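Here is my note on the model, point by point. Please keep the structure open while you read.

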Amino acid sequence: MFEQLERGAVPGFVSLLGQGDDVRVEAVGTTAIGGTEPLRRNTIFRISSMTKPIAAAATMSLFENGLLDLDEPLDRLVPELADRQVLLRLDGPVTETEPARRPLTTRDLLTLRMGFGFLMGDAPSYPILTAADEHGVRMGPPDPSMPLDPD
């Protein structure tokens, strides 16, 4: 990461490492490429693709403490995911579905096998893209230039 900072590829970074009560936080660099305002521990900024590793670490802590079974169906914990329907074909109409073959498990979520992903293509070729757009679901990499939604 220091190499990317020195090359100017990133303006700065914050790292956190903790074990038990020993927690260390480091903030290095500036808040913008070419900027002069230093990055601080309490600087608010957008981060991408960190939800999964943070949620995975918390989940594994629950597993290690015997509070969660990785292979238990999620139906009890997240009833909204019970009795899912899946597309018959990726390029088919969103109304052509069938019941999922089995319930989702915590292990599925940790290994990114939850059945929802990114589809890069033209909306007319993939009706699911049109439906996702109509429901405000963004499929694709995050756009850092877009403002954060306060809700």
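1. Where does Val-78 lie? Val-78 sits in the loop between H2 and S3. This is a predicted model, and Val-78 is partly exposed in it, with a relative accessible area of 29%. Leu-104 is 26 residues away from Val-78 along the chain. The C-alpha atoms of the two are separated by 9.8 Å.

2. Confidence. The mean pLDDT of the protein is 83. Of its residues, 83% reach 70 or more. Among the elements, strand S4 (residues 97-99) has the highest mean pLDDT, 95. Helix H1 (residues 2-7) has the lowest, 78. Where pLDDT is low, the predicted coordinates should not be read in detail.

3. Overall layout. The protein has four helices and four strands. Read along the sequence, their order is α-β-β-α-β-β-α-α. Take the contacts between residues at least 6 apart in sequence: 34% of them join residues at least 24 apart.

4. Surface. Buried residues make up 13% of the 151 residues. The protein exposes about 11800 Å². Carbon and sulfur atoms supply 56% of that area.

5. Strand S1 (residues 12-19) pairs with strand S2 (residues 22-29). The sense is antiparallel, and the pairing runs over eight bridges. Gly-12 stands opposite Gly-29 in S2. Two residues separate S1 from S2 in this hairpin. Gly-20, in the turn, has a positive phi of about 65°. For the strands, keep one rule in mind: in a regular strand the side chains alternate between the two faces of the sheet.

6. Helix H2. Does its length agree or disagree with what 14 residues should span? At 1.5 Å a residue, H2 should span 20 Å. The C-alpha atoms at its ends are 20 Å apart, so the two values agree. After H2 comes Gly-66, with a positive phi near 75°.

7. A phi value to check. Most residues other than glycine have a negative phi. Asp-83 is not a glycine, yet its phi is positive, about 55°. Asp-83 is placed in the loop between H2 and S3. Is Asp-83 buried or exposed? Its relative accessible area is 75%, over the 50% cut-off, so Asp-83 counts as exposed.

8. Salt bridges. How many salt bridges does a search of the whole structure find? The search finds seven. One of them joins Arg-107 to Asp-71, with the closest N and O atoms 2.7 Å apart. This pair links distant parts of the chain, 36 residues apart. Arg-107 is in helix H3 (residues 106-110). Asp-71 is in the loop between helix H2 (51-64) and strand S3 (85-87). Arg-107 is partly exposed, at 36% relative accessible area. Asp-71 is partly exposed too, at 44%.

9. Between Arg-89 and Glu-96, the closest N and O atoms are 3.5 Å apart. Arg-89 has a relative accessible area of 42% and is partly exposed. Asp-91 is partly exposed, at 42%. Glu-96 is partly exposed as well, at 33%.

10. A buried threonine. Thr-106 is placed in helix H3. Why does Thr-106 count as buried? Its relative accessible area is 7%, and the cut-off for buried is under 20%, so Thr-106 qualifies. Leave aside its neighbours within four places in sequence. Thr-106 is then in contact with Thr-59, Leu-68, Asp-69, Leu-70, Glu-72 and Leu-74.

11. Where to look again. Helix H3 holds both Thr-106 and Arg-107. Thr-106 is buried, whereas Arg-107 is partly exposed. Val-78 is partly exposed, whereas Asp-83 is exposed. Asp-71, the partner of Arg-107 in a salt bridge, is in that loop too.

Conventions:
Residues numbered from 1 in each chain as written. Predicted model: local features only at pLDDT ≥ 70, side-chain atom pairs only at ≥ 80, totals over all residues. Heavy atoms only, no water. Salt bridge = Lys/Arg side-chain N within 4 Å of Asp/Glu carboxyl O. Buried < 20%, exposed > 50% of the residue type's maximum accessible area, 1.4 Å probe, protein only. Expected span 1.5 Å × (residues − 1). Pairing = 2+ DSSP bridges. Contact = heavy atoms within 4.5 Å. Areas by Shrake-Rupley, 256 points an atom, 1.4 Å probe, with all protein chains shown as cover. pLDDT = per-residue confidence, 0-100.
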